[in-house]
Amino acid sequence: HCCCFSIINLCTSRLVCVNRNSLRTHLLQNIHHYIMSDAVRNYLPVKVISVDSETKSEQNDVDRHNKPRLRRSLIISAFIEKYSHLVQVINAPVSSNCDLVGLYSSVHDVGMIQFLVNSWSKWKAMGPDWDSDCCQPGWKGNTPPPLVPCHAAFRRDGIERVSSNVMGAFGYYCTDSLTPIVESLVTELQEDASIICEAVNLALLRNSVIYAATTHPGHHSNFDNFGGYCYLNNAALCATLMQKRLDDTAGNRRVAIIDIDYHCGNGTASIFYRVPDVFFTSIHCDPEIEYPFNAGYEDQIGEGAGKGATLHIPLAPGATWEDYKPALEKAMNAIMEFDVGGLVVSMGLDTYEGDSVSVRKGGFKLKGNDYVELGKIMGSYMRDNFMPSVFVQEGGYKMDVVGEAAADVLGGFSEGTRKAE
């Protein structure tokens, strides 16, 4: 089953990283003298969930900005290099029978999920005379060229319906011309789903904070559209699975999602916009200036039963830590006031100064130790009332710093939960 993992314990404490077997020897040689350290013992355990995935390296070069496979690898490596005294390594195999439709149908249209599952095989069958407009420009790999959107549908108006042609269906479901369909996509989505399932399972033990190191971001995917390098909304799945588990344990089923990506989590906001027991808050660049442009405004607070359960905090381009810190505190205070029983963090790292995707319109200016402080502030709200908490990977495109930034957020969060001695 895609949600079941074999957990291999390599030490009795702290940070757990689910990744490659090749790291075990290094860790075992460097961890033993830290295990009994009071400094280590007083930190909240952090479990980093990933998979042992051997994706073809050529697929790291599909897009000049987005390199999700490389990003995941760099983040795992940074955890090992900077927090090796807290790390355990676990290999987590994934079943090829993972049912994406069954898992994600609670947050996505079944037709859209089925499109993502079947699109590559349909595209491959059309070769070798593929429509050049729908081929990834400049592709030099050994597989068929990645499929990119080239035929946009009208906004949903009743007269449009999904084409049986994969190129038409892609334009129906995708919101941009950048998000590619590649050969490894279904396998990677199954891996990501498995990571989210296990993350929730471990979070409900309430003895650690969990980091889900998924390959693909998801916060720009709404009920029946995807785009912005996102396919299926992992944060939304995480929140709904967490609610179900909280129901099973007679816990408080109200869950909060905080999105700290540079871009508004418009897909997540849309999915829960009318839902009363999921609080969504996003700190992002002003949507009048930056993608996704049409969502993330302060006056968008939810509708119907969900009115008041959405909080958007847009910031101006060029925002520094001095600008970001009060916004983060505002978001965390709102989460506490909502009285939630679980927390999901959509962790985008494209807020880093000089990030290639955000710098075009000014970007934010967070850097270095700002990410430790960001994590500390969030963790400080958990000192007296720790709840199941899962960090889900979203964006981040400055590859020379993205790994360290991710590790610092989690390290800071762990430190922030410590009570004064």
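Residues are numbered from 1 along each chain as its sequence is written, and side-chain values use heavy atoms, with hydrogens and water left out. Because the model is predicted, local features need pLDDT of at least 70 and side-chain atom pairs count only at pLDDT 80 or more, while totals for chains, interfaces and linings use all residues.

**A buried helix**

Let's start with helix H12, residues 402-416. Helices (H or I, at least four residues) and strands (E, at least two) are DSSP runs, numbered from the N terminus. The expected span is 1.5 Å times one less than the number of residues; for the 15 residues of H12 that gives 21 Å, in agreement with end C-alpha atoms 21 Å apart. Since 13 of its 15 residues are buried, H12 is largely enclosed by the rest of the structure. Buried here means under 20% relative accessible area, exposed over 50%, and partly exposed in between (1.4 Å probe, protein chains only).

**Aromatic contacts**

Rings of Phe, Tyr and Trp (its six-membered ring) pair if their centres lie within 6.5 Å; planes under 30 degrees apart are stacked, over 60 edge-to-face, and the rest tilted.

| Pair | Centre distance | Plane angle | Type |
|---|---|---|---|
| Phe79 and Tyr211 | 5.7 Å | 35 degrees | tilted |
| Phe170 and Phe226 | 5.9 Å | 25 degrees | stacked |

Phe79 in helix H3 (residues 68-82) and Tyr211 in strand S4 (residues 209-212) are 132 residues apart, and both are buried. Phe170 belongs to helix H6 (residues 166-173) and Phe226 to the loop between S4 and helix H8 (234-248), so their pair ties together parts 56 residues apart in sequence. Phe170 is buried at 0% relative accessible area, and Phe226 is buried at 0% too. Ring pairs also join Phe170 and Phe226 in a cluster with Phe115, Tyr172, Tyr173 and Tyr231.

**Two pockets**

A pocket is an open set of points on a 1 Å grid over the protein atoms alone, where a 1.4 Å probe fits, with protein on both sides within 12 Å along at least five of seven lines; lining residues have an atom within 4 Å of a point. The largest pocket holds about 910 Å³, a volume being the space filled by probe spheres set on the points. It has 35 lining residues, and Arg155, Thr175, Asn222, Asn225 and Asn266 are the closest to its centre. Helix H9 (266-271) and H6 each give two or more residues to this lining, with the largest share, four residues, coming from H9.

The second largest pocket holds about 270 Å³. Of its 21 lining residues, Leu178, Tyr229, Tyr291, Val357 and Arg360 lie nearest the centre.
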